[in-house]
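Here is a short briefing on one chain. Look over the sequence and the structure first.

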Amino acid sequence: MDFEALWLTLRLAVGTTAILLVVAVPLAWWIASGHGWGRALVQTVVALPLVLPPTVLGFYLLIAMGPLTAPGRLLIRIFGHPLAFSFEGLLIGSVLYSLPFAVQPLVAGFQAVDRGFVEAAAGLGASPAKVFVSVVLPMTRASLLTSAVLTFTHTVGEFGVVLMLGGNIPGATRTLSISLYDLVQDGNYAAANRTALVLVGFATVALLAIYLLPSMRKVDGRQADIVR
């Protein structure tokens, strides 16, 4: 087991999940709060990583982070080095690649909230921020957990974007998926099996958490009944 790759993968997954929860919650609430071509366009951009080959996204990010583009030169001035083939570059790529896995469960959860509760809280004088924190978020905690779990697990299993954007630098960009690929290429199937089992374990725990969410939704339903 490549513990260095395991630690880097966990750092990448935790960092990506933390950033995306901060970004995805307000973005998903805005998308769920109305209709129109503007929101449809944003949803389309958010969902693109679901249908684009990971290598395509990785290629364009590699170009964008390089010194030949204005954004790339700006990032180099900010960080002091090119972001391609660095952990920071992997983090940016992972955030963009996992964005739909964070946003879409939240949009579905926010759209399912009974607007009567939101309007009642607003009618009692609560500010929009207080309504969101006190009413909306507690009623969508299952969606929040789904978003976090899917983002974390998807990041753990990334391969194409990581390989295109980060290469295979031990301790800097080599994740578990890249390590697994190297072990198979080397014919070390025993070590590859151990690494693959770790990835299977992550996926299994994530799915188990998601499938246990109906019990949380029942709790949310009982809370709503009490409010009524």
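Which residues does the UniProt annotation "transmembrane region" cover? The unreviewed entry gives 12-32, 44-63, 75-97, 117-137, 144-169 and 189-213; UniProt positions follow the numbering used here, feature names are shortened, and annotations may be inferred rather than shown by experiment. This is a predicted model: local features need pLDDT of at least 70, side-chain atom pairs count only at pLDDT 80 or more, and totals for chains, interfaces and linings use all residues. Residues are numbered from 1 along each chain as its sequence is written, and side-chain values use heavy atoms, without hydrogens and water.

**Annotated spans**
- Residues 44-63 are 90% helix and 0% strand, with end C-alpha atoms 22 Å apart.

**Glycine 89**
- Glycine 89 lies in helix α5 (residues 87-111).
- Glycine 89 is buried (under 20% relative accessible area; exposed is over 50%, partly exposed in between; 1.4 Å probe, protein chains only), at 0%.
- Beyond neighbours within four places in sequence, glycine 89 is in contact (heavy atoms within 4.5 Å) with Met65, Leu83 and Leu165.

**Nonpolar cores**
- A nonpolar core is a set of buried Ala, Val, Leu, Ile, Met, Phe, Trp, Tyr and Cys residues joined through side-chain atoms within 4.5 Å.
- The largest has 22 residues; among those touching the most other members are Ala28, Val103 and Leu106.
- Its largest share, seven residues, comes from α5.
- A second, separate core of 14 residues includes Leu12, Leu57, Tyr97 and Leu165.

Notes. Helices (H or I, at least four residues) and strands (E, at least two) are DSSP runs, numbered from the N terminus.
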